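Hello again, notebook. Here is what I looked up today, one stop at a time.

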Amino acid sequence: MSGPVAAENFGKVAVLMGGRAAEREVSLKSGQAVLQALRSRGVDAHRVDPAAMALEVLRAGGYDRAFIALHGCGGEDGVIQGALETIGLPYTGSGVLASALGMDKRRCKLLWQGAGLPTPAFRVVASEQQLAEACQVLDLPLMVKPAREGSSIGITKLIAPEDLTAAWRAAEAQGYEVIAEQFIQGAEYTAAILGEEALPLIRLETPRTFYDYEAKYRTDTTRYICPCGLSRADEAALQDLALAAFQAIDARGWGRVDFMCDGAGRPWLLEVNTVPGMTDHSLVPMAARARGIDFAELVLRILQETLPQ
Ligand SMILES: Nc1ncnc2c1ncn2[C@@H]1O[C@H](COP(=O)(O)OP(=O)(O)O)[C@@H](O)[C@H]1O
Ligand SMILES: [Mg+2]
């Protein structure tokens, strides 16, 4: 990474936040934190909410670049990225392809499987009946997930057959494809990626059944452990894996790779987040701090990638 860039070089910056996805509220928090950080460093940054006509605003507003702080569909899935490409506005993070793949757990997992990267076995299930069949092929417990959602919305750990209907309905209600994935018993980690580097891993521990919406945003019982407690060599191997998983889908700039390690210490990739949470208590900022990079510096480094190289 090159040295610090003067604030004026960024020109007028749109911080895209809000949007229409289920994660709108989280996005508003991320965007607000990013906006404050940029302004604290003297950058001419403005809030733009694409729930209300972003393209017209961006085109007419004389913006030079956009920091995308949108989570979920419409903002993290390639749609806004494609729109920004068409109006020629540079933006932070991954391009259209990686954003779309990162949002689609089914196709991301297929790609990883094709690339020989480890991800838990899964089935696409199009009905409750197919979910019942998946339970025969893959043993319980299973994680039943909407293929395109975030923040653990619509996800159930299906432990007992009698909960099958509820698990199916919760996932299907999100309106996307549903996958049923082998549950991995073990430790959960997340790897923040900045540029070409995986930052120190964070281990997540929750007394809840899994790291669900409650554990992510509401309770204070979730533990975030960083340094994660692994040996330097083990951590480095997992960082390499996370970076490979990130780059396999052509993701760029910044993001986060979620994975589990089973009882034998084997890693299993869960998903890539191409626009992870960016409030100052989010995971990427936490990992950056462990690497000696404060929040404002992190935001600037992410934005810096939109400058001509
Ligand atoms: N196969 C799995 N085995 C064990 N836990 C899982 C598995 N898949 C997901 N989880 C748990 O569910 C959480 C959310 O799943 P994830 O695939 O990361 O979706 P989201 O996009 O909602 O974050 C994970 O952080 C983890 O705690
Ligand atoms: Mg996740």
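Which residue in β2 is the bridge partner of V15? I found R47 in that place.

**Ground rules.** I am working with a predicted model, where local features need pLDDT of at least 70, side-chain atom pairs count only at pLDDT 80 or more, and totals for chains, interfaces and linings use all residues. Residues are numbered from 1 along each chain as its sequence is written, chains are lettered from A and ligands numbered from 1 in the order in which they are written, and side-chain values use heavy atoms, with hydrogens and water left out.

**Entry 1, the parallel pair.** I followed β1 and strand β2 (residues 44-48), which run parallel and are joined by 5 bridges. From β1 the chain reaches β2 by way of helix α1 (residues 24-40), and this β-α-β crossover is right-handed. For the record, right-handed means that, with the strands pointing away from the viewer, the path from the first strand over the helix to the second runs clockwise. My helices (H or I, at least four residues) and strands (E, at least two) are DSSP runs, numbered from the N terminus. I call two strands paired if DSSP finds at least two bridges between them.

Which residues of α3 are buried? In this helix, residues 79-87, I noted I80, Q81, A83 and L84. They span an arc of only 160° around the axis, which puts them on the same side of α3; the arc is that of the directions from the helix axis to the C-beta atoms. I take buried as under 20% relative accessible area, exposed as over 50%, and partly exposed as in between (1.4 Å probe, protein chains only). The face turned away from the buried side carries V79 and T86, which are exposed. Among the elements covering the buried residues are β1 (12-16), α2 (54-60), β3 (65-68) and α4 (96-103), with contact meaning heavy atoms within 4.5 Å. Just after the helix, G88 takes a positive phi of about 70°.

I placed D64 in the loop between α2 and β3. Its relative accessibility is 35%, so D64 counts as partly exposed. Leaving out residues up to four places away in sequence, D64 touches F10, G11, K12, L89 and P90. I also checked D64 against Y176: they are 112 residues apart along the chain, and their C-alpha atoms are separated by 35 Å.

**Entry 4, the antiparallel sheet.** In what order do the 4 strands of the open sheet come? I read β4-β7-β5-β6, with antiparallel pairing. The edge strands are β4 (122-125) and β6 (156-158), each pairing on one side only. The twist averages 25° from one strand to the next. Inside this sheet, strand β5 (residues 142-146) and strand β7 (residues 178-182) are joined by 5 bridges, and K145 stands opposite I179 in β7. Helix α5 (residues 105-114) lies across β4, β5 and β7, running at about 145° to β4. Axes here are lines fitted to C-alpha atoms, for helices over the stretch in contact, and angles run from 0 to 180 degrees between N-to-C directions.

I looked at both faces of strand β10 (residues 202-205): I202 and L204 are on the covered one, R203 and E205 on the uncovered one. Strand β8 (residues 186-194) runs antiparallel to β10 with 3 bridges, and E188 has L204 as its bridge partner. β11 also runs antiparallel to β10, again with 3 bridges, and there R203 is partnered by I225.

Which protein donors does the magnesium ion (ligand 2) have? I found D258 (OD) and E271 (OE), lying 1.9 to 2.2 Å from the ion. D258 lies in strand β12 (residues 254-262) and E271 in strand β13 (residues 267-273), so the pair ties together parts that are 13 residues apart in sequence. D258 and E271 are both buried. Donors are N, O and S atoms within 2.8 Å of the metal (3.2 Å for Na, K and Ca); water is not among the atoms, so sites may look incomplete.

I noted a cis peptide bond from L140 to P141, with omega near -5°; P141 is in the loop between α6 (128-137) and β5. The bond from C226 to P227 is cis as well, with omega near 5°, and P227 is in the loop between β11 (223-225) and α9 (232-248). D250 has a positive phi of about 70° although it is not a glycine. D250 lies in the loop between α9 and β12, and its relative accessibility of 37% is why D250 counts as partly exposed.
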